[in-house]
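Dear colleague,

My notes on it follow directly after.

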Amino acid sequence: MMSEFPAYDEIKSQLNLGEKVGQLFMPAAFINDSEAEIEKLESLIEKGQVGGLCFFHSRASAATNFEGPKEIPYNENSLGRLQQLIERYQRSARYPLLMAIDAEWGLAMRVERAPQYPYALTLGALNRSSENLLYELGLRMAQDCREVGIHLNLAPVVDINTDPENPVIGYRAFGSDPEAVSRKATLLHRGLADGGILSCAKHFPGHGDTAVDSHLNLPVLDKGLADLADEELLPFKALIEAHVPVIMTGHLSLPQLDPSSLPASLSQPIIRVLRDMKFEGAIITDALNMHALKGVSAQPETLNLRAIQAGNDILCYAERIPESIELILNEVSGPRIEASFKRIWDLKSLAFLGTSEFIASKSDPAALNPQLARECLIELGDAQAADAAFRKEGFELIAIGQTPEVFVKTLREVHDFKTYTCSSGVGFSKDTGVQSQNILLTLQPPHMKPKDFFGLPSTLLNELAVLSDEKNIVLYLFGNPYVLAKLPLNLFSGVVCAFQSQPVFQETAAEHFLGRIQAKGEIPIELDYDN
């Protein structure tokens, strides 16, 4: 950590106004990029036109490419390359750069072979007695980030996901209960902060009750301030009280707050709501390349200007920076620029000076992930009794989608059973030739997002109905629990949701079926099902 980082009062007279405007820009930096592009970004840094960088995997990754599928390069050394690039870019900077990344479930969100932790919706299942694990997770994430040179984790997501069809938030949110989301997000933030990393609450004023992906188009949320105050704004209020240093504005329109229908990220009235909530930290835009903004302008410099005029301090994924600096100097007052510069410099002071006495994590991913997987496991209906009957009477297993190999292997250590794989999810009710009265059904949907029924066949519901007429079924779900909102759950003797398909979740689910552990988690979303 720097011991010579200058205070705002010392530095404010050393930078001219153009250099101060440069501090507002946080362009994208790609971990897997060409040398020519790296040198181009270095040139911007050397000229003092950049205050920070936001790292993405590559120009073809899902977070940056909205034009259609492109091949995403695989680099097993992306983590080392990230660290090397951070060091290289910092050497080019006259003043230290603020390094940011989306690490909502760890660096693995952007980097191969990096530590990965459960999705927020999985963690939303933690009950009150185990929620403190989120604090430990924050410490662990912070340590991962510190080790490669990241200062700002653009997390937690504090959106309240109340629309099951939400295509962009969904499993990235802790759930649909404002109070639970507030508690869990606050614990994760505190862990990150105590671990020496800045956190960011997003996407203000709340992106959870929308059915449009703002990467592709502009969502509209038809709610007034009173409704927002009862739901969407509660987690932001909690995080502000917990001293979150950064809040991200979302690209969604709220016509009741701003009749112009501008996205919140470009709306002065909506950002004023955030400041009226007594937030004094730095406000960062969501990525300014997203298509939700295309209806405002196709010119990046215009969007950059409008974002500053609306009240943002940091421009994430900013483009055409030299042209934008000139435009902002011509159109924005000196005091307005100074206000944002001070917030950014205070943020950098936190990053470079305020983390010298951070708390080290006591956990490593190999120990923490199994603990989280066990505590998050949820059970609906009488799955425990049904599992006991299956173990006593025998069963056969039908895998819909990909076969959960670790789950099956663990069960085979104790039980002898036939397995039928139906990767397409079509025909399993009559074509598999199952003989047993007891069917252990595993479901691993192809997608975590709800589009096109999570990638599952439209015939699935009918197939389940046919099978349940003749068989006893226990369902183990390795995927998004919103799948359950589309299933007639009374078809099953019991349901167990493991949330994710990684080996640690499969092992946990197998331990549950074998009667060795109990499901302690609580469903984090609204389901029409009687526990």
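**The open sheet and its edge**

Methionine 248 has isoleucine 284 as its bridge partner in β8. The model is a predicted one, in which local features need pLDDT of at least 70 and side-chain atom pairs count only at pLDDT 80 or more, while totals for chains, interfaces and linings use all residues. Residues are numbered from 1 along each chain as its sequence is written, and side-chain values use heavy atoms, with hydrogens and water left out.

Strand β7 (residues 246–249) runs parallel to β8, and four bridges join the two. Helices (H or I, at least four residues) and strands (E, at least two) are DSSP runs, numbered from the N terminus, and two strands are said to pair if DSSP finds at least two bridges between them. β8 belongs to an open sheet of seven strands, ordered β2-β3-β4-β5-β6-β7-β8, with parallel pairing. Its edge strands, each pairing on one side only, are β2 (28–30) and β8 (282–285).

Although β8 is an edge strand, both of its faces are covered: Ala282 and Ile284 on one side, and Ile283 and Thr285 on the other, are all buried. Buried here means under 20% relative accessible area, exposed over 50%, and partly exposed in between (1.4 Å probe, protein chains only). Elsewhere in the sheet, strand β4 (residues 98–101) pairs in the parallel sense with strand β5 (residues 152–153) over two bridges. There, alanine 100 stands opposite leucine 152 of β5.

**A buried loop residue**

Asparagine 166 is located in the loop between β5 and α7. Its relative accessible area is 1%, so asparagine 166 is buried. Its C-alpha atom is separated by 7.5 Å from that of aspartate 213, 47 residues apart along the chain. Neighbours within four places in sequence aside, asparagine 166 is in contact (heavy atoms within 4.5 Å) with Asn161, His207, Gly208, Asp209, Thr210, Ala211 and Pro450.

**Strand β15 and its partners**

Strand β15 (residues 494–497) directs Gly494 and Val496 one way and Val495 and Cys497 the other way, and all are buried. Strand β10 (residues 378–381) is antiparallel to β15 and joined to it by four bridges; leucine 380 stands opposite valine 495. Strand β14 (residues 472–477) also pairs with β15 over four bridges, but in the parallel sense. In that pairing, tyrosine 476 has valine 496 as its bridge partner.

**Two helix pairs**

Helix α7 (residues 178–194) and helix α9 (residues 233–241) have axes that come within 8 Å and cross at roughly 30°. Axes are lines fitted to C-alpha atoms, for helices over the stretch in contact, and angles run from 0 to 180 degrees between N-to-C directions. α7 and α9 are therefore roughly parallel to each other, given that angles under 35 degrees count as roughly parallel, over 145 as roughly antiparallel, 65 to 115 as roughly perpendicular and the rest as oblique. From α7, Pro178, Glu179, Val181, Ser182, Ala185, Thr186 and His189 meet Leu234, Pro235, Ala238 and Leu239 of α9.

Helix α14 (residues 365–376) and helix α19 (residues 503–513) pack at an angle of about 50°, their axes 9 Å apart. That makes α14 oblique to α19. On the α14 side the contact is made by Asn369, Pro370, Ala373 and Arg374, and on the α19 side by Val504, Phe505 and Thr508.

With kind regards
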